[in-house]
Amino acid sequence: MSACGKICIGTILLEKNRWTTDKTPTCRVSDWTGRFADAGFDGMELWQWHATKVDDAERRALTASPCPVAIFNSYAAFDQAGAIDRNHAALLARRFGAKGVKFNVGNDPAGRQEYMEALRQWRLLFDDDVTLLCECHPGTILEAPAAAKAFFDEAGVPGVGVIVHAFNAAGTLDAWLDTFGPGVRHAHLQMRDERNVIPFSAKPDVARRSIETLRRAGYDGSYTLEFTAGTLAPDETVDLLWANALADKAFLEDLLR
């Protein structure tokens, strides 16, 4: 744990194929874990396909990583067809020792009860000290705080937390914190303008206000650097993304001091 709070790096940040259809990894995360640790990251949020579309030697290397898998970033669907993927995600999270598992429900209002039952059953596959972290993403049925609260209250599932997008959804941050209080357990961080992902330092007032809002609410959760400047740029390279992620980390640490 760093002096200014737990800061993770999302391995999706370095992955050029993050939004392709087949999701075939272009970088081997084990080649980077030493650098993650040396840079002072407290852990990784491991993109699902960096664990599934690799050989078992890579999975062994990730299990023994000097920078631990703090959060397993699952994209398993929450309908009946997603059951196998949900089971696999639980097995991998256990193998890596992840204490947080990110998930998304679907976008069909008619599937609400199905998503709820899937969450109840999935929870049974994890130890009590693992937190399931809902990225209540735009385009899902839980994108509004009130809808998410009603869903989780009805589901009655213990050990579930909420992820907020603290910088690029700053206008709704108060609503999430007011609705969930300490149930907000994690923050994904990226900064955007109208077209691109930009450095945190490009909008310092937005970043500062967001961190102050979290602090006022008593937030004691963790952070993941999700995307950084250079994402989808014509000259995108993994080295450029890494350099920009380090700059964002330093900026965040200054805010958290």
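**Notebook: a predicted model, looked up piece by piece**

I began at Gly 183, whose place is in the loop between α7 (173–180) and β7 (184–189). I note at the outset that this is a predicted model, and I read every value below with that in mind. Leaving aside residues up to four places away in sequence, I found that Gly 183 touches Gly 161 and Val 162. I then looked up Ile 198, which is 15 residues from Gly 183 in sequence, and the C-alpha atoms of the two turned out to be 29 Å apart in space.

**The whole chain**

I next turned to the protein as a whole, which has 9 helices and 10 strands. Its radius of gyration is 17 Å, close to the 18 Å that the globule rule gives for 257 residues, so I wrote it down as being as compact as a globular protein of that length. Taken along the principal axes, the C-alpha atoms fill a box of roughly 45 × 45 × 35 Å. Of the contacts between residues at least 6 apart in sequence, I recorded that 74% join residues at least 24 apart.

**The interior**

Buried residues make up 52% of the 257 residues. In soluble globular proteins, nonpolar side chains tend to be buried together, and I went looking for such a grouping here. The largest nonpolar core has 70 residues, and those with the most contacts inside it are Trp 122 and Phe 152. Helix α9 (residues 238–256) gives the most to this core, with 7 residues.

**Two backbone entries**

Most residues other than glycine have a negative phi, which made me look up two residues that depart from this. Lys 23, in the loop between β1 (7–10) and α1 (33–38), has a positive phi near 60°. Leu 232, in the loop between β10 (222–225) and α9, has a positive phi near 65°.

Which of the two labels, buried or exposed, belongs to Lys 23, and which to Leu 232? Lys 23 has a relative accessible area of 17%, and since buried means under 20%, Lys 23 is buried. Leu 232 has a relative accessible area of 58%, and since exposed means over 50%, Leu 232 is exposed.

Terms used: Residues numbered from 1 in each chain as written. Predicted model: local features only at pLDDT ≥ 70, side-chain atom pairs only at ≥ 80, totals over all residues. Heavy atoms only, no water. Helix = DSSP H or I, 4+ residues; strand = E, 2+ residues; numbered from the N terminus. Rg over C-alpha atoms; globule rule 2.2 N^0.38 Å. Buried < 20%, exposed > 50% of the residue type's maximum accessible area, 1.4 Å probe, protein only. Contact = heavy atoms within 4.5 Å. Core = buried A, V, L, I, M, F, W, Y, C linked by side-chain atoms within 4.5 Å.
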